[in-house]
Amino acid sequence: MLLLLRRLVACLFVCVSLALPASAQQSDTPIQLLLQQFGPEIQKSSRKSIGPAIDALANSGLPDAQVVLERWQAKDMWFEKETGLFVFGAKADGGALTLFDVAGGLEIGTAPRKSYKQLKPNSGIRGMIASALVQFQLNDPDPVTRQRALTAIERDAEATHLAALRASIDVETDAALKARKARLERLLTIRFAEEDAERIAAIEGFSGDLSVDLRAALNPLVQTRLDVAQSLPEGAMPVDVGEGLSPDAAYALLTAQNLAPPRTDPDMLRAALIENIDGDQIAGIQVATLDTDDARAAVYATLAQSGAVPPLVTDEDVATTLERFVFFEAFVGAPVPVALAAQTALKDIEAKLAMSQTVDLALDGLSLASIYFLAAIGLAITFGVMGVINMAHGEFIMMGAYTGYVVQLFVPDYTLSILLAIPLAFAVTFAAGVVMERLVIRWLYHRPLETLLATFGVSIALQQLAKNIFGTQARPLTAPGWLDGSLVINDVIAISYIRIAIFVLALIFLALFLFVMNRTRLGLEVRAATQNPRMAASMGINPDRINMLTFGFGSGIAGIAGVAIGLYAKVTSEMGADYIVQSFMTVVVGGVGNIWGTLLGATLVGTLQKGIEWLNPSNTLAAQTYMILFIILFIQFRPRGIIALKGRAAEA
Amino acid sequence: MTDLALTPPRRAFVLRHPSAVIFIGILALFTIGVTVLAEGFGIGVISTSFVKTLGKTLCLCLVALAMDLVWGYCGILSLGHMAFFGIGGYAIGMWLMYARTEIIVQTSLAAAPLPPTPQEISDGIAAQIFGVVGASEFPPIWAFAHSLPLQLAAVVLVPGLLALVFGWLAFRSRVTGVYLSILTQAMTLALSLYLFQNDSGLRGNNGLSGLQNLPGQGDVPQSTISILFFWASALALGLGYLMCAWVVSGKFGSVIRAIRDDEARVRFLGYSVEAYKLFIFTITAVIAGIAGALYYPQAGIINPAEIAPIASIYLAVWVAIGGRGRLYGAVIGAAFVSLLSTWFTGGQAPDINLGVYTVQWVDWWTILLGLSFVGVTLFAPRGIGGLFDLVAARRMPNRHGQDLGPDAGALREKEADR
């Protein structure tokens with residue numbers, strides 16, 4: 001509406017001005033006078049000298065200042081070569097220029113372009129203009145512009161913004177923007193306010209806040225510099241040599257400030273000796289004998305006595321020199337009281353951060369635990385319940401993940417493809433499990449070591465087969481859009497939706513396992529057949545069929561786990577092998593034959609691994625190494641796992 | 001003196017182990033044959049690289065012997081013996097790399113105006129060796145790398161001690177069967193993951209390289225070095241075979257076979273099962289370490305991937321295919337499968353054109369190996385070595401009853417009943 005009105009007015013003025021002669025440019029408007037005052041600087045357009053001109057325009061309080069700055073930035077300003085008067089210009093046909101007044105923006109006719117020169121501010125100047133413009137934009141009627149101005153200040157604040165920001169808070173109508181402005185005002189107060197008391201009050205006002213921008217505002221305030229002097233200046237914190245500062249570093253500081261001669265390090269010593277080689281001798285000593293540090297130091301001392309080289313600075317010299325000076329840390333970012341307030345605030349923040357980080361670490365551990373649980377739950381069935389060592393379990397996980405990948409090749413919609421992939425992965429790996437059970441495992445039920453070997457063979461073959469079909473590079477399994485992003489609780493605690501989904505999936509599997517084992521006929525028969533196959537057989541249960549179905553069920557769950565793990569990590573032919581040892585560890589640590597044990601085992605392994613990673617960051621290899629060592633030791637003390645079966649079930 | 005009459009007279013070692021005599025004979029003939037045909041001292045029909053392949057195969061046969069002793073005879077399916085093999089390789093590799101770099105550094109520093117101090121030489125060697133992992137100082141683990149005798153001792157002691165500690169922990173808490181297999185696999189995985197780190201002090205995944213060059217022997221041609229290592233490997237294999245044959249003979253051998261067949265019964269008879277198992281586990285780890293120390297100078301490079309659990313699984317595959325529970329079976333399996341594997345993966349095997357698809361053996365060999373492994377486990381538990389029984393069985397009287405000797409693999413009596 002406003003825009004329409006403006007255009008209407010502009011149109012009207014254009015109609016009026018057409019009647020006027022071209023020379024009606026006014027040279028005595030306040031804005032033109034101000035521009036003329038800085039005429040040479042503006043025409044020169046140099047980043048070094050333009051500052052005062054922009055500041056004067058921005059702070060002039062003239063209604064036209066904003067428009068002038070904006071059009072200058074947009075390279076719309078021209079000046080007349082003869083008079084130096086500034087106008088807005090628009091290129092017209094035939095080498096002409098349509099002129100507009102800088103005051104009011106009215107068209108004042110056309111003129112040949114030759115007699116005018118365009119102002120072309122470079123990107124540096126345009127940036128300066130932009131930051132000057134920010135204060136105008138803070139009061140812009142358009143909320144989007146105001147928001148953008150706030151973002152610009154947040155990114156790159158200047159001392160001048162503070163006053164403009166303060167002025168704009170009271171007139172702000174949008175509640176959200178007002179709150180944001182108020183917060184930004186306090187941040188800028190911390191950084192730029194002149195009164196120390198004001199800054200301290202602002203710092204204290206933020207207590208309890210953990211945000212990154214606050215930390216960014218506070219951190220420069222508490223910056224210190226290590227310095228040295230004969231006596232301790234006021235407000236500086238002394239640093240003891242030997243405790244907070246190594247003697248070498250302290251002496252290096254002295255050398256850097258030319259307060260002491262540089263230490264004679266082995267390189268300098270060698271260089272000095274080489275310089276003084278005289279035939280095959282140095283100071284009368286044979287060069288060939290100088291193959292120890294002591295011999296070299298002795299020769300150097302001789303040279304120093306004769307004055308050929310600077311005297312040797314020994315450890316004793318260093319110690320006596322250091323005693324003459326005091327080393328201290330001095331705040332360089334802010335006056336001492338402000339710095340101290342900032343330090344207290346930062347300490348407070350750090351304590352709270354540590355707590356949040358612990359929570360975050362626990363969440364990370366939990367999500368890793370749910371991945372291990374997913375990988376291990378199939379094993380908990382085939383290994384835990386049936387006692388079959390299936391080393392190809394990892395390859396079933398991989399088959400599930402590749403099934404998901406192939407489904408995505410045919411079904412482009414990610415949500416639909418995942419929903420399709422889960423039952424398909426179950427079907428594929430169920431079938432693979434049944435085939436393997438029929439062909440291989442059932443002949444080896446009483447020979448566990450041979451089962452292990454035969455399934456190794458299958459594992460090697462399946463892995464190579466996947467390599468032959470899909471190649472060695474990693475294949476993506478893309479999660480649907482609604483699983484992108486993460487749940488942000490505060491600036492530290494965040495957990496991605498995929499991890500939450502995997503966690504939920506793990507819980508669903510736990511429930512499914514418990515339901516099938518405890519509440520269905522199949523579960524009853526499985527438990528019967530594993531506890532006492534002969535008795536179960538005489539009760540009319542067909543152990544062959546039960547074994548086949550149970551093995552298929554465990555393998556099928558591995559397939560679904562494969563889809564979930566594929567979403568979280570890349571799909572490669574080796575992905576199963578990466579999980580197989582950890583999966584077996586999880587089952588063994590938890591206690592074979594008990595799903596709750598597997599759950600506990602996964603939690604233990606997952607959180608412990610994250611904990612070790614935290615102690616030794618950016619080194620997951622070491623974390624895995626120590627994790628495995630821990631498990632080996634753990635099995636020493638509880639060979640049957642956390643939850644050991646007792647009674648008859650244990651002997652079955 | 002009357003006791004003597006009661007104990008049956010002990011026969012000579014060779015008579016008790018006819019296979020050892022035959023094996024040593026064949027090995028000697030093979031060694032002489034290769035020497036005559038190779039470039040180093042013979043007529044040069046066989047290339048140096050093939051001599052190295054044969055020498056490496058002999059080392060693999062030696063580690064397979066160790067695997068057979070611990071698995072085929074004692075029933076411990078260890079998936080960690082290739083880790084001990086790798087440790088042996090690393091131990092000798094450290095000296096080879098240190099000594100060779102020392103010569104290079106000394107040569108380059110000799111041109112400097114001042115004679116180098118020991119510290120300068122050591123710094124120069126460290127910078128040369130650890131430059132690739134961004135370090136320039138010797139980690140503590142290299143403290144003995146300058147000394148060949150100490151590193152040779154490490155070849156024996158480090159795998160031995162590791163096996164002793166690990167075995168003691170595992171056996172005393174009665175971890176047996178598949179649990180022990182998984183535990184040894186975890187140990188191997190932990191070791192290889194540790195070595196993959198750059199700050200492990202062993203150059204991370206770069207491993208140790210240039211091991212084929214013997215320090216100070218720059219003017220000896222590789223053809224000669226290769227045949228020397230071939231002889232050393234053959235000697236080690238021969239001695240290893242004799243030692244294994246000696247260990248599995250007599251009462252000691254009977255006890256370890258009994259442990260394999262029924263551990264609980266041996267324990268109830270009053271034997272210290274743990275001590276026997278620990279001895280076998282440690283001694284085989286030492287043999288594996290020695291085999292590795294001979295293997296890697298011929299291979300020229302060692303890196304943590306060589307220690308990965310899959311290597312130990314392949315070792316079990318060789319022994320199973322060759323026929324476990326008989327020493328010559330392990331040797332046959334290792335030689336047969338590793339040479340076949342070299343042939344297939346080396347791209348020398350002819351592709352099979354099926355019309356719609358060409359089977360390239362580089363890709364399909366592993367699948368064939370995996371499946372044949374399944375087949376051997378299911379249908380021929382005696383492996384290739386079982387073929388010899390066809391000959392031997394013709395002369396044996398049929399004694400009926402369950403055959404639970406070494407030739408029946410790891411079958412237990414109750415299993416054989418079914």
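This is a predicted model: local features need pLDDT of at least 70, side-chain atom pairs count only at pLDDT 80 or more; totals for chains, interfaces and linings use all residues.
Residues are numbered from 1 along each chain as its sequence is written, while chains are lettered from A and ligands numbered from 1 in the order in which they are written. Helices (H or I, at least four residues) and strands (E, at least two) are DSSP runs, numbered from the N terminus.

**The five-stranded sheet of chain A**

- Let's start with an open sheet in chain A, where five strands follow the order β4-β3-β2-β1-β5 with antiparallel pairing; two strands pair if DSSP finds at least two bridges between them.
- β4 (107-112) and β5 (116-118) of chain A are the edge strands, and each has a single partner strand, so one side of each has no neighbour in the sheet.
- From one strand to the next, the twist averages 40°; axes are lines fitted to C-alpha atoms, for helices over the stretch in contact, and angles run from 0 to 180 degrees between N-to-C directions.
- Strand β2 (residues 86-91) of chain A is joined to β3(A) by four bridges, and the two run antiparallel.
- Within β3(A), A:F100 is the residue that A:F88 stands opposite.
- The hairpin of β2(A) and β3(A) has four residues between the strands, and A:G94 there takes a positive phi near 70°.
- Five bridges pair strand β3 (residues 96-100) of chain A with β4(A), again in the antiparallel sense.
- A:T98 stands opposite A:T110, which belongs to β4(A).
- β3(A) and β4(A) also form a hairpin, with six residues between them, and A:G104 in its turn has a positive phi of about 95°.

**The three-stranded sheet of chain A**

- Another open sheet of chain A has three strands in the order β6-β10-β7, with antiparallel pairing.
- β6 (224-229) and β7 (237-239) of chain A stand at its edges with a single partner strand each, so one side of each is left without a neighbour in the sheet.
- Ignoring direction, neighbouring strands of this sheet are turned by 35° against each other on average.
- Three bridges link β7(A) to strand β10 (residues 326-331) of chain A in the antiparallel sense.
- In β10(A), A:E329 is the residue that A:M237 stands opposite.

- Helix α18 (residues 414-439) and helix α23 (residues 543-568), both of chain A, have axes that come within 7 Å and cross at roughly 140°.
- That angle makes α18(A) oblique to α23(A); angles under 35 degrees count as roughly parallel, over 145 as roughly antiparallel, 65 to 115 as roughly perpendicular and the rest as oblique.
- Residues making this contact include A:A421, A:F426 and A:R438 of α18(A), and A:N547, A:F551 and A:V563 of α23(A); two residues are in contact if their C-beta atoms, placed from the backbone, lie within 7 Å.
- The residues of the contact of α18(A) with α23(A) comprise 13 nonpolar, nine polar and two charged; Ala, Val, Leu, Ile, Met, Phe, Trp, Tyr, Cys and Pro count as nonpolar, Asp, Glu, Lys and Arg as charged, and the others, Gly among them, as polar.

**A closer look at A:L218**

- A:L218 lies in helix α11 (residues 212-218) of chain A.
- A:L218 is buried, because 24 other C-beta atoms lie within 10 Å; a residue is buried if 20 or more other C-beta atoms lie within 10 Å of its own, exposed if 12 or fewer, and partly exposed in between, with C-beta atoms placed from the backbone.
- Not counting residues up to four places away in sequence, A:L218 touches A:A342, A:A345 and A:L346.
- A:L218 and A:L273 are 55 residues apart along the chain, and their C-alpha atoms are separated by 51 Å.

- Chain B contains 17 helices and four strands.
- Of its 418 residues, 45% count as buried.
- Where the chains meet, 42 residues of chain B are in contact with 45 residues of chain A.
- α8 (177-196), α13 (309-322) and α15 (361-379) of chain B are the elements giving two or more residues to the side of chain B that touches chain A.
- α8(B) gives the most to that side, with 14 residues.
- The residues of this side of chain B divide into 28 nonpolar, ten polar and four charged.
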